[in-house]
Amino acid sequence: MSKPVVATTSLSGCFGCHMSLLDIDERILDLIDVVEFNKSPIDDIKEFTKQCDIGIIEGGCCNSENVHVLKDFRKNCKILISLGECAIMGGLPALRNGIPIKECLDEAYLNGPTAQIGNEEQILPNDEELPMILDKVYPCHEVVKIDYYLPGCPPRADLIWDALVALVTGNELKLPYEVVKFD
Amino acid sequence: MRTIINKIIEKFNRNEARLMDILLDVQAEFGLISGDAVTLIAEGLNISSVDVQQTISFYHFFSQKSRGKYTIYLNDSAVAYMMGRADIARTFEEECKCKFGSVTEDGQIGLFNTACIGMNDQEPAAIINGIVFPKLTESCVKDIVNGMKEGKSVPEMMGELGDGENSNKLLNSMVNNNIMKTGSVLFSDYKNGTAINKLVTMTPKEVIGEVKASHIRGLGGAGFPTGMKWDFCSMAEGDERFVLCNADEGEPGTFKDRVILTELPNLIFEGMTIAAYAIGAKEGILYLRQEYHYMKAYLESVLDKLREENYLGKDIAGKIGFNFDIRIQFGAGAYVCGEESALIESCEGKRGEPRNRPPFPVQKGYLQKPTVINNVETLCSVVKIIENGGEWFSMMGTKETAGTKLLSISGDCKYPGVYEVEWGIRIRDMLEMVGGEEAYAVQVSGPSGICISKKDFKRTICFEDLPSGGSIIIIGKERNLIKDIVCNFMDFFIDESCGSCVPCRSLPLILKNKLQKLLDGNGVMSDLTDLENWSKNMKAANRCGLGQTAANPILSTLKNFREDYEALIKNKEKDFDTGFNLDAAVAASCEAVGRNPQI
Amino acid sequence: MSEKIKFTIDGKECIAKKGQYILEAALENGIYIPFLCNMKGVKPAGSCRLCNVKINGRNMTACTTPVAAGMEVESEIPELQELRLSIIEMLFVEGNHFCPSCEKSGNCELQALAYKFQMLVPRFPYEFPIKEVDASSPKLYIDRNRCIKCKRCIRNIKDENGKSYFAFYKRAHDVEICLDKELAATMSDELAQKAMDTCPVGAILRKEKGFDQPIGTRKFDKQAIGTDIISVVENINMEVKE
């Protein structure tokens with residue numbers, strides 16, 4: 001039997017969840033024994049080269065590119081996992097959610113302390129090549145169907161490990177109290 | 001300002017429990033309750049400012065900002081929309097050049113939405129500076145707004161006065177009674193004072209016995225046996241007792257109390273007096289909704305007359321030691337105050353948040369003293385019970401629901417109005433009576449009641465079948481049940497929750513958004529299961545009747561009109577749809593930076 | 001000594017003082033019933049609805065219902081646990097609970113309940129409401145994004161004359177807590193600390209304080225809420241005497 005194929009991505013996240021995945025330490029060697037990685041920053045494969053079994057999503061959707069990537073993952077993966085607070089509820093990027101997008105852009109590019117130098121022409125970036133910003137940061141499951149959720153900021157390495165093992169082996173996932181945390 | 005406010009506070013003996021009256025007077029005086037006024041009231045009552053603000057901000061008709069020299073509250077109940085409310089609202093907005101929820105730039109005219117004002121039989125209707133303008137048309141809206149621009153007073157803009165006592169100069173109202181059917185209890189011939197004269201020849205025990213024998217149940221909707229309530233209260237420990245009359249009728253679609261208050265106010269006060277005699281109360285309060293403020297002078301005059309005739313006051317009807325008087329307590333716009341314990345809180349000057357039970361009001365009610373609270377209609381019926389005997393009353397109606405009931409019938413029917421019928425009337429017969437045979441659905445007992453379809457038109461109105469507080473809304477085929485009715489009712493519950501219980505504060509909006517998802521064409525079959533399961537939690541988890549029934553519009557239509565919901569789901573096989581719309585989500589940012597959205 | 005009565009919770013025999021509320025009695029008998037709005041020594045509000053228990057088939061809040069002799073209380077039954085989880089989820093979506101950036105994280109009772117019930121994601125859509133933060137008083141910082149409207153502060157924080165520092169403002173979905181500006185101006189450090197400790201979440205915080213406990217050592221990092229309750233009842237039959 002061929003090994004299950006795993007893809008990962010970071011949308012509007014900080015890569016902390018990916019770092020936590022690496023935090024499974026030497027167990028990563030066991031992991032590559034049982035799964036094959038496809039599109040993922042871990043092996044630097046940029047595009048899906050085959051249908052995957054498990055897609056792991058870090059980060060929520062803050063722009064149109066995030067939405068496209070997420071939909072691409074949904075299309076190419078049998079199972080999608082929201083990994084971490086940002087994927088599950090928008091996380092810290094979603095702190096902007098109560099603020100109108102115009103105000104956010106003005107603060108970031110025109111009025112904010114870091115915008116004073118370097119943007120003398122007072123431009124709001126609008127190049128057609130740039131992703132379009134969404135009105136708010138969306139949790140992944142409010143854009144596509146998500147099958148499993150692993151909370152944490154970042155999720156504990158043990159939680160990621162246990163969840164992957166359970167998925168790959170088909171065994172029931174038992175979550176000890178210590179591993180389900182939101183920070 | 002200080003002098004005026006101090007005078008108002010003095011008028012109510014610096015009593016914190018009279019905060020509602022103080023705020024009503026301050027608002028009447030200044031048109032708003034400013035920050036300075038809040039500070040002065042807090043000082044005068046020796047409470048903190050936030051305690052004053054918590055009461056102000058709870059009630060719809062209190063305002064800390066000016067709502068205009070002319071303040072227009074336009075009813076936004078479902079029936080108002082059926083009768084053309086949308087056009088009226090649009091005309092107001094066009095004529096005033098201002099949107100609902102705001103005041104014109106010159107500060108002259110304020111446009112505001114308000115929940116059902118008890119005029120469903122003559123919609124669209126608005127309250128303008130306290131005066132009710134029923135049956136609005138686009139041309140009369142134009143006249144009204146022009147009048148305002150010319151600086152006319154609101155009474156100057158009034159049209160023809162209503163029937164019956166509505167044209168009494170103390171009422172001076174354009175409202176019509178629309179009494180379509182009189183029955184043998186409330187509208188039977190009666191000479192004022194008859195029951196009180198008889199009352200004083202009886203012992204309180206005999207009075208309670210007679211009420212028990214009548215088998216009358218509370219007519220506000222809950223149906224608790226009145227005699228038992230009085231008995232419990234008379235036995236409860238307490239040095240003082242109170243009688244409260246619930247005239248807050250806020251259930252959308254009910255307006256029968258309006259008609260009783262207009263035509264039969266004597267009965268209400270006599271009924272309260274009978275209750276007072278039975279339980280030994282010295283003080284009574286009529287809790288009247290702010291929407292009926294136009295009745296104030298009229299009702300006060302009725303009370304004065306009763307005092308003159310010695311039917312209120314000291315040694316009533318010559319009975320030495322039988323002392324009782326009544327004051328009117330106005331609400332300030334809160335549906336939940338129709339819940340008896342919330343009503344008590346409001347009478348004590350607080351936010352209308354329902355209390356935890358036990359203790360029940362009969363044990364610890366107003367000011368923590370044993371209190372009887374009855375609906376207007378119940379107290380009126382009691383007068384007739386004392387006059388004619390309990391047995392007479394118990395012969396009418398059904399096995400478990402004795403007597404008659406006033407139905408407030410509105411919506412898609414030929415003859416909206418008030419009907420006194422015996423309990424046990426069949427829905428089909430009722431529809432025939434009101435010219436509503438074509439009904440697609442009937443909302444029995446308002447949004448908190450149930451919505452029934454044709455297959456249930458054989459059912460009867462009584463506590464053993466379809467209980468009703470009196471609101472009957474007839475919904476014709478041309479209506480979109482989910483969009484026009486269910487969503488309107490959910491908006492009502494979203495606004496009217498007191499905000500205390502988590503599920504009642506939080507869930508109605510979640511449920512409404514789910515309905516919107518279905519209406520937007522993004523629904524899947526599991527959304528219906530979610531709606532049902534989540535709605536059930538409202539009943540299971542909340543403290544008071546409002547919260548427990550706030551999902552009824554969804555639950556009862558899901559049960560009786562499931563096909564309407566399923567019709568909204570295009571692809572029944574689809575198992576998931578988030579309803580996410582990328583075009584809509586990027587629109588604002590693209591506009592802000594000046595680029596064309598490229599999806 | 002006040003009269004003692006027997007009752008049961010999920011079949012376990014318990015005793016209570018006459019007139020005692022079920023929740024309080026349960027805790028004394030070593031039984032945890034989830035709650036957020038209740039607080040020892042403060043008049044119960046019955047507003048979070050988490051402590052709903054079943055008595056004679058009817059849901060009643062344990063914090064406001066007095067024990068009656070022989071009462072049979074059901075608490076840890078699937079139907080109620082499900083109801084409780086759904087209430088916790090409602091609280092998470094009706095506010096803005098960004099746990100990773102909250103000073104109270106690890107010591108927050110709402111978060112602790114979500115941990116206890118292993119809430120992975122709320123079933124309801126996030127609302128992301130707009131809430132004001134009030135940092136105008138000298139000692140306290142009020143973050144309404146995190147407030148769960150439990151009214152603990154309203155009931156527990158008063159001045160020497162009984163005046164309230166906190167009160168509700170508005171109603172329904174818009175209800176929020178307000179701090180009295182005038183009273184807050186002269187608030188003592190002790191009372192400010194009491195206010196912060198009274199708040200089950202991170203809505204009331206003392207200024208210039210926070211993040212002083214490392215992750216791993218905070219109250220609910222390793223131990224689930226309600227697992228530290230110890231029964232004070234020694235021998236039921238000895239204690240209940242005719």
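Two residues are taken to be in contact if their C-beta atoms, placed from the backbone, lie within 7 Å. By this criterion, in what is a predicted model, the contact between chain A and chain B takes 18 residues from chain A and 15 residues from chain B. On the side of chain A that touches chain B, two or more residues are given by each of α3 (64-76), α5 (101-111) and β6 (133-138) of chain A, and the largest share, 4 residues, comes from β6(A). Divided by class, this side of chain A has 11 nonpolar, 2 polar and 5 charged residues.

Chain B is also in contact with chain C, where 32 residues of chain C meet 32 residues of chain B. At least two residues of the side of chain C that touches chain B are supplied by each of β4 (58-61), α2 (78-94), β8 (166-169) and α5 (181-185) of chain C, with α2(C) providing the largest share, 6 residues. The residues on this side of chain C comprise 15 nonpolar, 9 polar and 8 charged.

Strands β11 (residues 404-411) and β12 (residues 417-422) of chain B run antiparallel and are joined by 6 bridges, and I409(B) stands opposite G417(B) in β12(B).

Methods: Residues numbered from 1 in each chain as written. Chains lettered and ligands numbered in written order. Predicted model: local features only at pLDDT ≥ 70, side-chain atom pairs only at ≥ 80, totals over all residues. Nonpolar A, V, L, I, M, F, W, Y, C, P; charged D, E, K, R; others polar. Pairing = 2+ DSSP bridges.
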